Amino acid sequence: TIDAVHGARILDSRGYPTVRVSLELDDGRTVTGDAPAGASTGAHEAVELRDGGSAFGGRDVTQALHLIDTDISGLLTGRSWSAIGQIDAALAELDGTTGYRRLGANSVVATSIAASRALAHAADLPLWQWIAEITGSTPRMPVPHFNVLNGGAHAANELDFQEFMIAPVNAGSMADAVRIGADVYHALAALVRDRFGSLGLGDEGGFAPSIAAPEEALDLLVDAIRTAGYEPGVDQVAIALDPAANEFSQGDGSYRVLNDSLDRDGLVDYYRHLIDTYPIRSIEDGFAEDDHEGFRRMQAALGDRIQIVGDDLYVTDPQRIRDGGEQQLTNAALIKPNQIGTVSQTLGAIATAKSIGMASMVSHRSGETTDTFIADLVVGTGTGQIKSGAPGRGERVAKYNRLTEIAEQHPELPYGLI
Ligand code: PGA
Ligand code: ZN
């Protein structure tokens, strides 16, 4: 049983308030869950509760904290709970809206994460093992996708694409993958410092030099991989992109990249040129969230060559993922618990993707905390891929360090893509 529920205001990695939920359990143990926050959020995401007004630029969370201490506490305390689905369903019923507009998706996701920790504790299992057990998954260590160059809504430079990631696909273990990521990150730091005089910093810990052309960013990555002593290649040290095309969409299937206005086929051709030229294994949100026709054309043209990931397109919603599979919009889904609201729905999104042959990549948000839930989530569900920003900055490395810890304790877990 849960004896007490408490909401606390903590700061996220951008210095804005977010929600931490603490659950006091009957054996004296306290477990917590933190809500992360996006910047390039999808229009169809579950909705955070923010105060408005003047404190913290309108982003304070006093109403959310109040609802945690009253309504959510009233729901959860003194009862005995046996399954996360039961808790999450009770939260949804208590909320009574779509997208958790009343309680706030921030209150709900933090509660659901804390409740998962409580149930894993009651089962006497590490969180990832509990997740593997309740989902019937084969656990696996994921390929980390380190976001080392930042643009778009995450940086102050002129780079239209949001994320340039390196993925050590051919590493032999989690420890190898982290070492390769850190080596490339340091080689890149030296290159950027030499060429631009300063590093710049994006929200996810990557560098943000004043470049504008995606090709310039990609050249830097390839150089950094080589200088660090590794081989760039889709099956070796690969590159992944998240253009986050919502942010440079002009509506009506038209996109502004550098100074060019591209139509759908023009943008598909541009991506084809990039994957012909660079070792790119994955492109996420290549089109705007409601441009299904753009995604359909991209999947038809490039889906047999690279992974095409839907993030804002699917917002971790099992129904949207199912529809996307039927319409052949992508071959992969991004998984962010706070986009949909609860752990059960997140597990449902992963299960749905798997059942229709889509890959899943688990993801942090650009505004993060030191909560490491997503590390256990990706291992327990065995999806084989995670992105958690640069291999630098505490809130990003918290996840990579948790993965390293699990790998050290369980060397039998296989590493790599499925
Ligand atoms: P966000 O960005 O957390 O700011 O939404 C991450 C992403 O687009 O993948
Ligand atoms: Zn994205």
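**Labels and their cut-offs**

Reply: Let's start with D60 and R9, whose side chains are joined by a polar contact of 2.7 Å. This is a predicted model, where local features need pLDDT of at least 70 and side-chain atom pairs count only at pLDDT 80 or more, while totals for chains, interfaces and linings use all residues. Residues are numbered from 1 along each chain as its sequence is written, chains are lettered from A and ligands numbered from 1 in the order in which they are written, and side-chain values use heavy atoms, with hydrogens and water left out.

Me: What makes the D60 and R9 pair a polar contact?

Reply: A polar contact is a pair of N or O atoms within 3.5 Å; within protein, one must be able to donate a hydrogen and the other to accept it, and residues adjacent in sequence count only if both atoms are side-chain atoms. The D60 and R9 side chains come in at 2.7 Å, so the pair meets the distance limit.

Me: Is D60 buried or exposed, and why?

Reply: Buried means under 20% relative accessible area, exposed over 50%, and partly exposed in between (1.4 Å probe, protein chains only). D60 has 6% relative accessibility, so it counts as buried.

Me: Why does T330 count as buried?

Reply: Because its relative accessibility is 6%, and buried means under 20%. The T330 side chain makes a polar contact with the side chain of Y314 at 2.8 Å, and reaches the backbone oxygen of A332 at 2.9 Å.

Me: Which residues come nearest to ligand 1?

Reply: Of the 15 residues around ligand 1, the nearest are A39, H154, R365, S366 and K387. A residue is near if one of its heavy atoms lies within 4 Å of the molecule.

Me: How far are oxygen atoms of ligand 1 from polar side-chain atoms of K387, E284 and K336?

Reply: For K387 the distance is 2.6 Å, for E284 it is 3.1 Å, and for K336 it is 3.2 Å. Taken alone, ligand 1 exposes 280 Å², and the protein buries 100% of that (Shrake-Rupley method, 1.4 Å probe; for residues, only the protein chains shown count as cover).
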